[in-house]
Structures are given as C-alpha cells and as structure tokens.
Amino acid sequence: FACLFGRAWLALVGFSLLVASSLNPAAAQLLTIETENYSAKPAVYLMTIAPGTLYWERFGHNAIIIDPAPDQNAPFSLSVRAISYNFGYFDMTEAGFLPNFIRGRMSYSGVQIPAIDDIVYYQAQNRGIWLQKLNLDESAQQLLRQRLIFETSKPNERYQYDYFRQNCSTKLRDALNAAFDGELEKSVQGRATGQTFRSLGLAQAQGELWLYLGIHAGLGPSTDRPLSFYEEYFIPGKLMRGIADKSIKGEPIVLATQILKPDMPISPWQPDWRYFFGIAGLLIGVLIASAARLGVNRITKLLPAGLCALAIGTFGALLLFLQLTDHQDSHWNLNLFLFNPLWLAAAPGAGRILSKTNVRRLLNLALGIAVFGAAIKVFPWIRQQNIEWVLLLLPIHYAIWFSMSEIAVETKVLPSDA
C-alpha cells in the first residue's frame, strides 16, 4: 500500500504552490493568503487517502496536517504555512536497501512537507481524499505538534517499519492517542469485530489477485489473532472511520469533514473464496490425473503434474527462506505443509538427478506431510486461516502423486525426461 511502499518525496518538492494552484482548481480553493481573518488557534486535520489502482496503493495512506494560521471564516482553507506530517517515505537509493527489504529490515521516515503539495500529489492520481478537522484543545494541539516535529526531524525521523504494527497509520494513531491522553484507545477498549491482520490485509488486496494470493499464502498464524478496534487502525480508512463518530469526555473528536474527491470504498471486507479454491483444486486435480491416463506419451502424461509440482515446490522454497528473515509474520507458516519444497521431486528434469526410488519416497513423504497439515486443522489451537489452501492444494497434491505412480506402474520406472 502507499504507506507500505511509500513514494519518493523529491517528486513532491517539484510542485510549486503557484503551478499547483493553477493546474488544480480544487487545490486552489484550499489555498488562502494569510490576512486579518486568520485564527490564532492552529487547525489540525487528519488527511486520509483512498486506495489507488496500483498494487502499492491498495491500502491507502494518511497524514496529519497542522495549519498554524487558518482562516477563521473558511474552516477547510489551508494557509501557505500548513504542514503535512507524513510517515510513508523511504529511500530506495540508500546503501543496502534491497537486501534489507528482503530480510525484513525496512527503514521508513517521517517527513514534513507543504500540505498543498501533498494534496495536489494525490489529486493528480485521482485518489479520494478526506479531511477531518480534529477537536483538540490548545494543550493537546501543542503535545501533538511537538511529537510530530520530533518524529519527523533528524535524527529521529527514521523508524523500523512493520506492515501491521508500525506504519504510516499507526504512527498517527499513536500520536493522536497521546494527544488525547490515552483516551482514544480507552474509548474502543474491549470492542472488536473479529477482524484480523490477515482478513483486513486481504480485504484491501482483493483488487490484485496475485497480491491477494501472495499475502494469504505468505502470512503465518501471528496474523490470525482477533484485533481490537484500536489495532485495526493500522488501515488508514479504519482510523478515519473509527474517529468519525467517537467522542472523548463528551466532546466529538471530529468537528467537520470535507471530501476533496469522490467518495470511494475505503474499508472493504475480505471475500469468501473457499468454494472457488475448492472447485479450482478439484478441476486442476482432474486435469492432472486425466493427462496421466490419456496422454499420448510420457511428456504429455507428466507435464501438467510436473509444472504444478514445480510451482508448488518453488513457492515452498520461498516460504522456507522467509522463516530465516525478520519477516516475523511469515514465521511458523502452516502453509509450508502444503507448499512443500519436496514436491520439486516431481518437477520436470528431477528424474535425471534423483533415482526412481528416491523420487517415490520424497513424493510419498510430501503427500503425507500435506495430509498431516490438513488434519491438524481439527485442533482448536491451530488458528492459522489457511483452509482455502487446503481445499486448493490437497486435490492437486494427490493428482501429482497419482500421475507419477501411474506412469511408474506403466513403465516400471519413473521417467527421467518428464
């Protein structure tokens, strides 16, 4: 998402206020010149950006805007001094960025940028933008501003990024909670919808099939714990909606809201794909088994099974690698029972490396491990949500095992050229 992958902040610096105002009428309406109408009390806004169409934009984004000199006659006009405090930035050119990213050691930064530049950037992407004017007294505003300045200034601007627990939205959530003296978290204490990090992440990713499948397969059981409302605020849209109707000590958190772009769904629900996965698994399994029975030669008989085994085993090797990294939410992933690297024994060309006896043993072991991984789902303490993968992969596993066994029976030897 935008706050997962960020964007290069230098792109924003290139927008001058004059050009931004002339090219974008909506932004020009927000820009005011400081006059005798300015208010002595700063205005604070939570700006929420809707998910975009690109995969790194699927989760949305947010920032806090503080305007030290707002126009008291125009509550949603921003002065040229309005600053956006944004925690979604990283530097892809820094030394070791790619190795650190692969290892799960992502360093992000909080920055201060002109609010108009930030708004124009997202308007140029045709993203939905919400501004919520927040109801903070003078001491709360001062506390919030001091914290944001501290966390976006050297040497404190960098932080260790975590997809669910330390991202652009949680930084703002925690800053607002501190400004409200912990009352924001208390206001939702003990309340939950049963959502998890996985379900919320998949709901946001559903527009990109490969992203949805990758997240679902890659996450381990640590992401399947029911969340409190406060924890759900790692999604920018959840934070926006969460504070919209909340009150603290009898006072509403949000005084007013303005939508700068057309309203768009910002917090979808995770679709239920169990039936789709189950039917797809059966169809692919039947295709593999049918090829083994009806193919005209060994290559056509084994090619579907070999390609599926190659895909399953390769992805399993990736999941196994993630266990060695700092991507903690991928650790102890039960999908390793299903995406098992042992299935590479049935991949094309494996018979040239392994003897027929070893291939048979490895496939027997891989199938047994897959069945075990499915069987342990009956225990209540196994909380990882991966029933979709069980429904999809078990028929495919059996079909691969059946195909290799069928050819072995016909030829009395496992082929080495499959």
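Asp224 counts as buried at 9% relative accessibility, where buried means under 20% relative accessible area, exposed over 50% and partly exposed in between (1.4 Å probe, protein chains only). The structure is a predicted model, in which local features need pLDDT of at least 70 and side-chain atom pairs count only at pLDDT 80 or more, while totals for chains, interfaces and linings use all residues. Residues are numbered from 1 along each chain as its sequence is written, and side-chain values use heavy atoms, with hydrogens and water left out.

Asp224 forms a salt bridge (a side-chain nitrogen of Lys or Arg within 4 Å of a carboxyl oxygen of Asp or Glu) with Arg198, the closest N and O atoms being 2.7 Å apart. Because Asp224 lies in the loop between α11 (209-218) and α12 (229-232) and Arg198 in helix α10 (residues 197-205), the pair ties together parts 26 residues apart in sequence. Helices (H or I, at least four residues) and strands (E, at least two) are DSSP runs, numbered from the N terminus. Arg198 is also buried, at 0% relative accessibility.

In the whole structure, 14 salt bridges are found. One of them joins Arg165 and Asp329, with closest N and O atoms 2.9 Å apart. Arg165 lies in the loop between β8 (158-160) and α8 (168-179) and Asp329 in the loop between α15 (298-322) and α16 (356-375), so this pair links parts 164 residues apart in sequence. Arg165 is partly exposed, at 35% relative accessible area, whereas Asp329 is buried at 9%.

The chain comprises 17 helices and 11 strands. Of its 418 residues, 50% count as buried.
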